[in-house]
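Welcome, and please open your viewer so that we can walk through this model together.

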Amino acid sequence: SIRGSKDVLDEAVSKGYKFIKLDFGWSANNLIVKNLIKMNIKDLAAWLQGHKDVCIVTDIKSKNTDALRFIKDNYPEMANRVIPQIYNIEEYIPVQGFGYTNIILNLHDLAYLDGELVDFIKRHKVFAVTLPTKKINTGLIEKLKQEYIYIYMQGNYDIIEELEEYSVDGFYIDITE
């Protein structure tokens with residue numbers, strides 16, 4: 001399922017958002033679909049046809065690489081506007097091999113040593129890294145910024161000001177809350 005309805009997408013666009021993160025999942029019959037007012041991948045592709053300046057950031061917790069391959073194979077025109085998130089460094093090579101160029105490494109659930117992460121970033125072209133807020137004071141942001149990596153954090157409107165002090169480039173905000 002893709003979490004968020006057409007109404008939520010329309011609301012995000014009305015607020016001026018051009019990059020919208022959506023939660024994707026699998027239906028019982030192995031289709032990629034979207035929760036709330038059910039919206040499947042075909043519906044999303046049609047919606048994107050009418051919103052040429054919007055990009056979708058994926059959030060796919062189950063069979064991530066399978067879903068990204070499915071999107072690329074079945075909706076290539078939409079895939080050009082998809083910014084995939086990967087959840088470990090092992091997913092990078094397969095996802096890049098599908099033809100995705102702007103890949104976000106989401107590190108919310110994994111603990112890599114800072115050195116491992118910086119070494120990986122030096123060897124691979126990652127568009128951005130999403131960090132948990134607990135990494136703010138560790139010096140990791142500064143090390144990644146030296147490699148010209150965009151840094152994203154997930155949070156709410158209350159902590160944006162605090163995060164901006166650390167030169168965070170972007171935020172994931174849930175507009176439905």
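**Before you start**

This is a predicted model, in which local features need pLDDT of at least 70 and side-chain atom pairs count only at pLDDT 80 or more, while totals for chains, interfaces and linings use all residues. Residues are numbered from 1 along each chain as its sequence is written, and side-chain values use heavy atoms, with hydrogens and water left out.

**Stop 1: the whole chain**

Show the protein chain as a cartoon. It holds eight helices and ten strands; helices (H or I, at least four residues) and strands (E, at least two) are DSSP runs, numbered from the N terminus. Of its 177 residues, 46% count as buried. Here buried means under 20% relative accessible area, exposed over 50%, and partly exposed in between, with a 1.4 Å probe and protein chains only.

Now colour by pLDDT, the predictor's confidence in each residue, from 0 to 100. The chain averages 82, and 84% of the residues score at least 70. Where is confidence lowest, and where is it highest? Strand E2 (residues 32-34) has the lowest mean, 64, while H5 has the highest, at 96.

**Stop 2: helix H6 and its two sides**

Select residues 114-123, which make up helix H6. Buried here are Asp114, Leu117, Val118, Phe120 and Ile121. These residues cover an arc of only 160° around the axis, so they lie on the same side of H6; the arc is that of the directions from the helix axis to the C-beta atoms. Turn to the face away from that buried side and you will find the exposed residues Lys122 and Arg123.

What do the buried residues of H6 pack against? Their partners are H5, strand E7 (104-106), strand E8 (128-131) and helix H7 (140-145).

**Stop 3: strands E7 and E8**

Select E7 and E8 next. The two strands run parallel and are joined by three bridges; strands pair if DSSP finds at least two bridges between them. Leu105 stands opposite Val129 in E8.

In a regular strand the side chains alternate between the two faces of the sheet. Look at E8 from both sides: Ala128 and Thr130 on one, and Val129 and Leu131 on the other, are all buried.

**Stop 4: aromatic rings**

Rings of Phe, Tyr and Trp (its six-membered ring) pair if their centres lie within 6.5 Å; planes under 30 degrees apart count as stacked, over 60 as edge-to-face and the rest as tilted.

Begin with Phe70 and Tyr75, a tilted pair with 6.5 Å centre to centre and 50° between the planes. Phe70 is partly exposed at 23% relative accessibility, whereas Tyr75 is buried at 16%.

Then select Tyr92 and Phe120, an edge-to-face pair with 5.6 Å centre to centre and 85° between the planes. Tyr92 lies in helix H5 (residues 92-97) and Phe120 in H6, so the pair ties together parts that are 28 residues apart in sequence.

**Stop 5: lysines over rings**

Pick Lys63, in the loop between E4 and helix H3 (64-74). Lys63 lies over the face of Trp26, 4.5 Å from the ring centre. A charge sits over a ring if NZ of Lys or CZ of Arg is within 6 Å of the ring centre and within 35 degrees of the ring normal. Lys63 is partly exposed at 40% relative accessibility, and has a positive phi of about 50° although it is not a glycine.

Now move to Lys72, whose charged end sits over the ring of Tyr100, 5.5 Å from its centre.

**Stop 6**

Select Thr58 in strand E4 (residues 55-60). Thr58 is buried, with a relative accessible area of 0%. Leaving aside neighbours within four places in sequence, its contacts (heavy atoms within 4.5 Å) include Leu22, Phe24, Leu68 and Val82.

Finish at Leu48 in helix H2 (residues 41-49), buried at 1%. With neighbours within four places in sequence again left aside, Leu48 is in contact with Val54, Ile56, Met78 and Arg81. Leu48 and Met78 are 30 residues apart in sequence and 7.3 Å apart in space, C-alpha to C-alpha.
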